[in-house]
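Let us walk through this model together, one piece of architecture at a time. Keep the viewer open as you read.

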Amino acid sequence: MTQVPPSRDSRAESRGRAWAPTLAVVAALLLVGGVVVSMLTDYLWFSSVDATEVFTTTLLSKWGLFAAAGVLTSGVIYAASALAWRARPAFPPAGGQRYREVVEPIRVKLLIGASLFFGFFAGSAAAGQWQTVQLFLHRSPFGVKDPQFGRDVSYFMFTYPFQRFVVATALSLVVAALIASAVTFYAAGSINLQGGSGQRITVPAQRHLAVLAGLGLLIKAAAYRLDQFGLALRDSQLLTGLKYTDVHARIPALQIMMGVAALSALLFFVAAFRGGMRMAVLSLGLLAGVSLLAGGVYPSVVQQLQVKPSEVVREAPYIQRHIDATRYAYGLDDVKKQDYSAVGDPTAANLAEDTGTLNAVRLLDPNVMSTTFSQLQLIKNFYAFPDLLDIDRYTIDGKQRGVVLAVRDVNLNGLDPALRNWANDHVVYTHGFGLVAAFDNTADQAEGKPVFVESNLPPSGKLGVKQPRVYFGEFSPPYSIVGGTSAGKPVEFDYPTDATATGQANYAYTGTGGVSVGPLWKKLLFAAKYQDANILLSKLVTSDSRILWDRTPAQRVRKVAPWLQLDSDPYPAVVNGRITWILDGYTTSANFPYAAKTAFGEATADSLNTGGQFGFVQPKVNYIRNSVKATVDAYDGTVTLYSWDSKDPLLKAWQGVFPGVVKPSTQMAVQLVSHVRYPEDMFKVQREVLARFHVTDPAAFYSGQDFWVIPNDPTKENSQQAQPPYYLTVRMPGQKQAQFSLTTTFAPNQRPTLAAFMAVNSTPGPDYGTMRVLQLPRSTTIPGPTQAYNNFESDPTVSTKLSLLRAGGSQVDLGNLLSLPVGGGVLYVEPVYVRASKGNGFPVYRKVLVSYGTKVAFEDTLSQALAVVFEGAESAPTPTKPGQPKPPVAADAEAVLAKALNDAQAAYDAGQAALAKGDFAEYGVQQRRLAAAIKRAQAARAKLPGGTKTT
């Protein structure tokens, strides 16, 4: 018999079938290889920061939940389908045999594939809940009970989310098993949907599906039970939590629905073993009807007939719960609020009390000064300063002084494109160098430039920097290979210098940061991670080399503490001679009962930050604590977490999950504590909440007439963004001296006046974190920031002087508008900068705008401006002791005149001396003495022969 050779098409088809498994294996190996490389490099990274327990705990939690949920889901689907197939009838109905013949050959493979497919997705979903599970396992009590159910708040924060997760998982398992069983029964011929005289569903199929339906209904009954507690977290237009209708209608309805669901489940179980499926099915209709009537219609009737006619009375107790819970959850339950008239003329005594505030007024706007810092101190284009400088305070020459500062970080984007190559990007330009700082309340008198207290390369100054190199910064390259040498010489660019022939000093990293990349297997590992053969082949990578990656302060803290929500502004400080990044970490939740929810991104957005740069753990929160202060060493990348709010139950729970990762605050260095400040993002959230929840009376809260708003930033043209809070040194009424504080203003709703001023003490100590609010009268006409800014712009003298400054090719930049409580009133200060509009012009301080009450000043120095606005202030009366005789009146007019003239000259000289020193309070006192002496001289002159009386 002659054999026919295979055709060309059949051979091609055979080759295609042969290649398919090979390609699948290669794809699987690449996928698995990528996962392995990622896990190994992650493990090495966590080892480098001494946090392997974070890596292993997180990994085991995720994989454990993935495996448990995946295996359970796959097992349930497989078992349900297998049992359904086993119960197939011996003689399927017409048409059923055809489905059996199609399914039977592939049944096992199809079942295994479907089970694994759905198991994978179920496992992935469960792995995403690892934090929910861990918090439940390590929950800690709050010691505060909710007013409706009498349960500790920890139930809602830890237990309720876990129970929801378990119920949702169980319900999805039952639904998946029900669907898989029904499909299998249909394919096996146990369910006949094609009509005919035969039985539509077999008895085994009925029993099987009835049991699953009963289980689903039992789980649904449990869900109804949880729904009652969920009402404490539900948002409505009026409040968060239970309202009158919830307590008197929805909770009873849910209890009825829970009972009907349990009864329906019982009927299905009975039907599965004793028959009577009709009653069971009818019970589903009963459940639907009860859900509609009791869960929908009845609460609506109660709302319309009982609540609406007298809503404020009905809801008052629940509004009070809402207010109390919200203030506690956001840390606003101990705000110290006092009335503040903000009117009247200050006395010399008033001004003397506020000398600490006035001497520390910040004249350098950190948002404007970035360009000036860059022009004066960047030195090389491959360095960079952030657009917004940081604010801190240091003890310099024995006095605490405020500074604006920034790290001089490396920025590869500034390199000449011709110099961009692998060696320069990853081996040569590896680190920044030093930081730059300037006094925040003064400028060079002649040129208006900042007065630097730390500057130049190599750095010099008074901040005590001993290790200026910045290998871990906000602009650091994705990865750098450091510590290597070429021909025994360092290759890393350190800083420019004229002391060498090359014009640069080189350096080889000697720190412990990163991971050694000397061994061949590590070179292979990181070459695979970055898909870069240069790591393996370059001779610049030596046995001493170390690789640094995930280098920004936020990246490092987020990896070590994935449960923290980070503040969007890490800031540098010099601690024991080393540049150290300080970050604020928040524990947050959206499960605090009755507390209002806040969109974190919206609350923290302002004219300088349009939404935060690090993303958010969760989009909405209703509980927040600054529980952790984190540090990152700029040289070796060491990450350290310190417990700042040790009473926080959320922090306690996470300390149980990751024991030993968070250190007690008592281990913080003294210098580190001195640079701690109140976190800005949390303050923004709190001020957003306090704008409404400063109202504590339910009826007033219901009306909303006394709510405040955050004023828009008037210094930004056409800005609809909120004015940012400012770190200032202020003395609030009742404080003995000015303190470094974070401040903000509030405006009445739809009015440009000032409603309140708030400051939180940012100086570490017993008073740290204390919030003080100065509430102005509701009928006040004191201008708010927007109105004060408009007053500056509309003042004829100011407008003329600004026009003169803008003449001749100059550009005028207005700085931040600062609000300060001074002398019983409100002082507004806005620095004015001038820059050349062409070329590389940069802003320099030239003048300052000041307003107090109705007075406006536009002067070269703050002292001169303050002297203008305080010129009419009355001096404080001198107390007289009982029985003390009054001063005798001089009989000799000439002697009185001579003394008055001498006093006038002395007062004038003293005033000029005070003005030169910047002591405006003393200047005001001497001006009043001068005026009094002139008045006495005029009076004495009128008594002399030929004298003329003046008025």
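Start with helix H8 (residues 244-274) and helix H10 (residues 311-329), whose axes lie 8 Å apart and meet at an angle of about 95 degrees. Helices here are DSSP runs of H or I with at least four residues, strands are runs of E with at least two, and both are numbered from the N terminus. Axes are lines fitted to C-alpha atoms, for helices over the stretch in contact, and angles run from 0 to 180 degrees between N-to-C directions. H8 and H10 are therefore roughly perpendicular to each other; on this scale, angles under 35 degrees are roughly parallel, over 145 roughly antiparallel, 65 to 115 roughly perpendicular, and the rest oblique. Tyr244, Val247 and His248 of H8 meet Arg314, Glu315 and Tyr318 of H10, where contact means heavy atoms within 4.5 Å. By class, this contact has three nonpolar, one polar and two charged residues. Ala, Val, Leu, Ile, Met, Phe, Trp, Tyr, Cys and Pro count as nonpolar, Asp, Glu, Lys and Arg as charged, and the others, Gly among them, as polar.

A word on the ground rules: this is a predicted model, in which local features need pLDDT of at least 70 and side-chain atom pairs count only at pLDDT 80 or more, while totals for chains, interfaces and linings use all residues. Residues are numbered from 1 along each chain as its sequence is written, and side-chain values use heavy atoms, with hydrogens and water left out.

H10 also packs with helix H9 (residues 277-307): their axes come within 9 Å and cross at roughly 115 degrees. Here Gln303, Gln306 and Val307 of H9 touch Glu311, Arg314 and Glu315 of H10. That contact divides into one nonpolar, two polar and three charged residues.

Now turn to helix H2 (residues 52-86), which packs with helix H5 (residues 130-137) at about 105 degrees, the axes being 9 Å apart. H2 is thus roughly perpendicular to H5. The contact is built from Thr57, Thr58, Ser61, Lys62 and Leu65 of H2 together with Trp130, Val133 and Gln134 of H5. Its residues comprise three nonpolar, four polar and one charged.

Next come the sheets. Five strands make an open sheet in the order E3-E4-E7-E8-E9, with antiparallel pairing; two strands pair if DSSP finds at least two bridges between them. Strand E3 (390-396) and strand E9 (460-461) stand at the edges with a single partner strand each, so one side of each has no neighbour in the sheet. Within this sheet, strand E4 (residues 399-407) and strand E7 (residues 435-439) are joined in the antiparallel sense by five bridges. Leu405 stands opposite Ala437 in E7.

Another open sheet has three strands in the order E11-E17-E16, again with antiparallel pairing. Its edges are strand E11 (479-482) and strand E16 (515-516), each pairing on one side only. Four bridges link E11 to strand E17 (residues 546-549), and Tyr479 has Trp549 in E17 as its bridge partner. Helix H15 (residues 520-530) lies across E11, E16 and E17, at about 30 degrees to E17.

Further along, strand E34 (residues 844-852) runs antiparallel to strand E35 (residues 855-859), joined by five bridges. The two form a hairpin with two residues between them, and Gly853 in the turn has a positive phi of about 65 degrees. Ser851 faces Val856 in E35.

What holds the most contacts inside the largest nonpolar core? Leu641 and Leu827 do, in a core of 234 residues. Such a core is a set of buried Ala, Val, Leu, Ile, Met, Phe, Trp, Tyr and Cys residues joined through side-chain atoms within 4.5 Å; buried means under 20% relative accessible area, exposed over 50%, and partly exposed in between (1.4 Å probe, protein chains only). Leaving aside neighbours within four places in sequence, Leu827 contacts residues including Val850, Ser851, Tyr852, Leu866 and Val869. Two of these, Leu866 and Val869, are among the buried residues of H25. Helix H25 (residues 862-869) is mostly covered, with six of its eight residues buried.

Across the whole protein chain there are 27 helices and 35 strands, and 50% of the 951 residues count as buried.
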